[in-house]
Protein chains: 2
Amino acid sequence: MSTTIQMSEELGPRSGWGKAIECPMASMFEILGTKTSYLIMREAFYGATRFEEFVERTGISEPVAAARLRELTAEGLLEKVPYREPGQRTRSAYELTEKGSDLLPVLVAMMRWGDRWLFTNGARVELTHADCGAQVHTELRCDAGHPVPTDELELGLNPRRLRAAR
Amino acid sequence: MSTTIQMSEELGPRSGWGKAIECPMASMFEILGTKTSYLIMREAFYGATRFEEFVERTGISEPVAAARLRELTAEGLLEKVPYREPGQRTRSAYELTEKGSDLLPVLVAMMRWGDRWLFTNGARVELTHADCGAQVHTELRCDAGHPVPTDELELGLNPRRLRAAR
DNA sequence: GTTCTGGCTATGCAAACTCTAAGCCAGCTT
DNA sequence: AAGCTGGCTTAGAGTTTGCATAGCCAGAAC
């Protein structure tokens, strides 16, 4: 039973969550709900900024890439920044905003899971700590700095929100 | 420029990644490619084990829930375990395997991102450390234990795999 | 001013995903 | 043996996501 999360009292027998209490993960899928949006974000972290780079590196078709870039820009994960190379006309680059950058832990967690469970011969690509060369992973920690194993993880309602709703 | 990842030499001008080098994140989407599969996994972490629980708590229709449970079981993230309540016939419960449990950091990272960027009034639900009550988040760390800021994150090819491919 | 190129947009179609509604089956309960 | 219930499956339809192909537009380069 150490693989499941503890639930606080008031959440015990809840049902119909999708409507009653908004789940932050489910909400995220309204913005990042397709595979292609993650591929676009991956390339943004890898340094892609131009339309052609996104298309080429992700293998996504142009119409879909254009749609995703538009959506991600509208949602504030990417930002259109005009740039101009010498002898070229002004073009738009797509750069990560803070909101977009903050998605990195999600992508790293996904990559590490894929590495571990999907490639038996070891990872093709590795994320390493530039300073020391060791591999990078994601870790659950509380804001007080303790590592948090699954069985010490507890889900509860935010008391401030509960009061506000009354 | 501190929001993008450093790339090692041999990855510099790569294109056509989708085919050339398998990306662990992209591979993950072949198993966990739909929103509903994440909702199912979320409920598994919240302690759901029976078919009806998954259907009711996620709000997914029965045919889709059945399909996802079958897929996730086939991929080894969940495991069918027969159980029997007194006076009832034998039924199947779906329990998290190690492969499934290891997905927790991905889900937590998603939740925290949703909390932070999608709910301006603060999170509805909170993940806390049962021992100390502080909120839980995901953190990038290297295997040597150092916290890793984005600009110290480097992407490179696995040297062992490179040798093997020769 | 014609051409070329990067960065898109438009159109049409196939595949994937999800829903509702209905039905099936095993085996307890009566 | 008839009914009920949990755990599904089947059928049909609608929406979303994706692709390929083709075209458009602005502004250098010639």
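# Reading strands, burial and the chain interface

User: In which sense do S1(B) and S6(B) pair, and over how many bridges?

Analyst: S1(B) and S6(B) pair in the parallel sense over two bridges. As a general idea, strands of a sheet pair through backbone hydrogen bonds, either parallel or antiparallel. Two strands are said to pair if DSSP finds at least two bridges between them. The strands themselves are DSSP runs (E, at least two residues), as are helices (H or I, at least four residues), and both are numbered from the N terminus. Within this pair, Met7(B) stands opposite Leu155(B) in S6(B).

User: What conventions apply to the model and its numbering?

Analyst: The model is predicted, so local features need pLDDT of at least 70 and side-chain atom pairs count only at pLDDT 80 or more, whereas totals for chains, interfaces and linings use all residues. Residues are numbered from 1 along each chain as its sequence is written, chains are lettered from A and ligands numbered from 1 in the order in which they are written, and side-chain values use heavy atoms, with hydrogens and water left out.

User: Which strands form the open sheet that contains S6(B), and in what order?

Analyst: The open sheet has three strands, in the order S4(A)-S6(B)-S1(B), with mixed pairing. S4 of chain A and strand S1 (6-7) of chain B stand at the edges with a single partner strand each, so one side of each is left without a neighbour in the sheet. Strand S4 (residues 125-129) of chain A runs antiparallel to strand S6 (residues 153-157) of chain B, and five bridges join them. One residue pair in this arrangement is Thr128(A) with its bridge partner Glu154(B).

User: Which residue does the side chain of Glu139(A) meet in a salt bridge?

Analyst: A salt bridge is a side-chain nitrogen of Lys or Arg within 4 Å of a carboxyl oxygen of Asp or Glu. Glu139(A) meets Arg141(A) in such a bridge, at 2.8 Å from N to O. Glu139(A) is buried at 19% relative accessible area. Contact means heavy atoms within 4.5 Å; apart from neighbours within four places in sequence, Glu139(A) is in contact with His137(B), Thr138(B), Glu139(B) and Arg141(B). In chain B, Glu139(B) forms a salt bridge with Arg141(B), the closest N and O atoms being 2.8 Å apart. Glu139(B) is buried at 18%, and Arg141(B) is buried at 13%.

User: How much area is buried between the two chains?

Analyst: Buried area is the accessible area (1.4 Å probe) that two parts lose on being put together, summed over both. Between chain A and chain B it is about 8900 Å², of which carbon and sulfur atoms give 64%. In terms of residues, 92 of chain A are in contact with 91 of chain B.

User: Why is H3(B) described as largely enclosed?

Analyst: In helix H3 (residues 35-45) of chain B, 10 of the 11 residues are buried, so the helix is largely enclosed by the rest of the structure. The buried residues include Tyr38(B), Arg42(B), Glu43(B) and Phe45(B). Just after H3(B), Gly47(B) takes a positive phi of about 105°.

Technical notes: Buried means under 20% relative accessible area, exposed over 50%, partly exposed in between (1.4 Å probe, protein chains only).
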